[in-house]
Amino acid sequence: MERAFGKLFRERQIYHRSEGIVRFVKLSARTQILMATVLGVALLWVAYASVNVVFKEQIIVSKDQERRDQEAAYRRRLQTAETAYDQVNALNYIYSREFEATISGLNRQHETLRALVENKSAADRRYDALAKTLSEVGAPGGKEPGSTNRLMIDPVGREPTPRQSRTSSLRDEALQGIMNQRVAEGIDDDVLSTMRRETAELSAKQVVLMASLEEDMRYSIREMSQILNHTGIDVDTLVERHRLSALADSSAATGEDELTGQGGPLIPVQGVAGGNAYFKSAARIEGIYEELLTLNSALESVPLSTPIKVRHRMTSRFGMRWDPVKKNVRAAHKGLDFAAPRNSPLVATAPGRVTFAGRRGGFGNTVEIDHGNGFKTRFAHMNRITVRAGQTVNLHDQVGLLGSTGRSTGYHVHYEIHYRGRQIDPLKFIEAGRYVFES
């Protein structure tokens, strides 16, 4: 080994000639070993540095690619989060809008139902007030009502609650409105679906309540119509005359030449899901209420009471009779005669205006009242008149005192009802009035 090492690094001389002068440099074995060592170290360093540079660049590229992958993944996660946030915001907006629309629609439905119930209650109070006032006079014979005999008028049937099939139909119509709205909006969400279904169920219940209210109104209309039918007058003609008279009075009060008045509560055609069925029902009931109100108002103008409050006796009916003065002569009697003590108070049988107050031939002291809608009443043979022509009177206001003036055989009042220029039997009206206060 040492020999090989010695042969490799033998002492060497390097000659150099310049300008005829020869010089040499002697390289000893140690110097050669040192130079070889330095050269080897340098080569190793260069190799290490080269390898290190190459791999470091690959590491940097790898690190940079990993960083870019992480950034891309972060951006994807951020975009996913933003998308989810936008979706949540969109759903929140839809929920908020749907909730506000639902609350607003339910409030409108509640106000509509409340207005209809209040209107019906007001109509009932008017009818009850008329019944109470009529009951103060009593039965045709002057007696207080002691029973509920309604044989003069057929019973009016009523349906206490809407039929089950009708209830199911109303609920199905409301639920169908939900599905149609979902399809139209293209929204398929369990929360919205549940809210709309529950809202529709509530709307359907309100529609059923309105159906009961509608049935109650229709019953009242049938009852009033039968009362008026018993008097023998045409109900449709009476109602139409009353409506035109009310419009004319309204036009005269406002100074308008044309009958153009319109009104009524606001009933929108749209609401919450299923609201169309609700508001269509409300609009229909509002029309029925207007009919009820007109009929109720017309009924108040009809003379349904007896003309005397105190105990009395009917002494002569409407129609042909033996004349009380000539005895043996048949004559037409166009009213009713009620006998009672002298100076018994005589009262108006319906609201109206006094058109005549004075002496009129064989009728003696007479009062005539125009009640509107074609109705007039006449009180004859009065001892004293307590009203004057042009005066307005209300139901049961005193118009005079019972007497025996004119062509009379004793203390009594001759009472007539005229309808559109024709004299009709007052007893039918009194019996109809009795049905009102006994009902």
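Below is a working chat about a predicted model of a protein.

Me: What helices and strands does the protein have, in numbers?
Reply: The protein has seven helices and 14 strands. This is a predicted model.

Me: And how much of the protein is buried?
Reply: Of its 439 residues, 37% are buried.

Me: What is the accessible surface, and what share belongs to carbon and sulfur?
Reply: The accessible surface of the protein is about 25800 Å². Carbon and sulfur atoms account for 54% of that surface.

Me: Contacts next. What percentage join residues at least 24 apart?
Reply: 71%, counted among contacts between residues at least 6 apart in sequence.

Me: Isoleucine 227 and valine 436: how far apart in sequence and in space?
Reply: Isoleucine 227 and valine 436 are 209 residues apart in sequence, and their C-alpha atoms are 7.7 Å apart.

Me: Where is isoleucine 227, and is it buried or exposed?
Reply: Isoleucine 227 is in helix 4, which covers residues 190-231. It counts as buried because its relative accessibility is 0%, and the cut-off for buried is under 20%.

Me: Switching to salt bridges. How many are there in the whole structure?
Reply: A search of the whole structure gives 14 salt bridges.

Me: Which residue does arginine 67 pair with?
Reply: Arginine 67 forms a salt bridge with glutamate 71, and the closest N and O atoms are 2.8 Å apart. Both residues lie in helix 2, four residues apart, which is about one turn of the helix.

Me: How accessible are arginine 67 and glutamate 71?
Reply: Arginine 67 is partly exposed at 39% relative accessibility. Glutamate 71 is also partly exposed, with a relative accessible area of 34%.

Me: What network is arginine 67 part of?
Reply: A network of salt bridges links Asp64, Arg67, Arg68 and Glu71.

Me: And lysine 120, which side chain does it meet in a salt bridge?
Reply: That of aspartate 124, with an N to O distance of 2.6 Å. Lysine 120 and aspartate 124 are about one helical turn apart because they are four residues apart in helix 2.

Me: What about glutamate 300, which residue does it bridge to?
Reply: Glutamate 300 forms a salt bridge with arginine 126, and the closest N and O atoms are 2.6 Å apart. This pair links distant parts of the chain, 174 residues apart: glutamate 300 is in helix 6 (residues 275-300) and arginine 126 is in helix 2.

Me: Accessibility of glutamate 300 and arginine 126, what is it?
Reply: Glutamate 300 counts as partly exposed at 24% relative accessibility. Arginine 126 counts as partly exposed at 29%.

Me: Which residues form the nonpolar patch on the surface?
Reply: The nonpolar patch is formed by Val51, Val54, Phe55 and Ile59, which together have about 370 Å² of accessible area.

Me: Where does valine 54 sit, and how accessible is it?
Reply: Valine 54 is in helix 2, residues 29-135. It is partly exposed, with a relative accessible area of 46%.

Me: Now the strands. How do strand 1 and strand 2 run?
Reply: Strand 1 (residues 12-18) and strand 2 (residues 21-27) run antiparallel and are joined by seven bridges. Arginine 17 has valine 22 in strand 2 as its bridge partner.

Me: How many residues are between the strands in that hairpin?
Reply: Two, and glutamate 19 in this hairpin takes a positive phi near 55°.

Me: What is phi for histidine 381 and arginine 420?
Reply: Histidine 381 has a positive phi near 65°. Arginine 420 has a positive phi near 55°.

Me: Where are those two, and are they buried or exposed?
Reply: Histidine 381 lies in strand 10, residues 375-385, and counts as buried at 6% relative accessibility. Arginine 420 is in the loop between strand 13 (412-419) and strand 14 (422-424), and counts as exposed because its relative accessibility is 52%, where the cut-off for exposed is over 50%.

Technical notes:
Residues are numbered from 1 along each chain as its sequence is written. This is a predicted model: local features need pLDDT of at least 70, side-chain atom pairs count only at pLDDT 80 or more; totals for chains, interfaces and linings use all residues. Side-chain values use heavy atoms; hydrogens and water are left out. Patches are made of residues with over 30% relative accessible area and no salt bridge: like charges are joined within 9 Å, nonpolar side chains (Val, Leu, Ile, Met, Phe, Trp, Tyr) within 5 Å. Accessible areas come from the Shrake-Rupley method with a 1.4 Å probe; for residues, only the protein chains shown count as cover. A salt bridge is a side-chain nitrogen of Lys or Arg within 4 Å of a carboxyl oxygen of Asp or Glu. Buried means under 20% relative accessible area, exposed over 50%, partly exposed in between (1.4 Å probe, protein chains only). Contact means heavy atoms within 4.5 Å. Two strands pair if DSSP finds at least two bridges between them.
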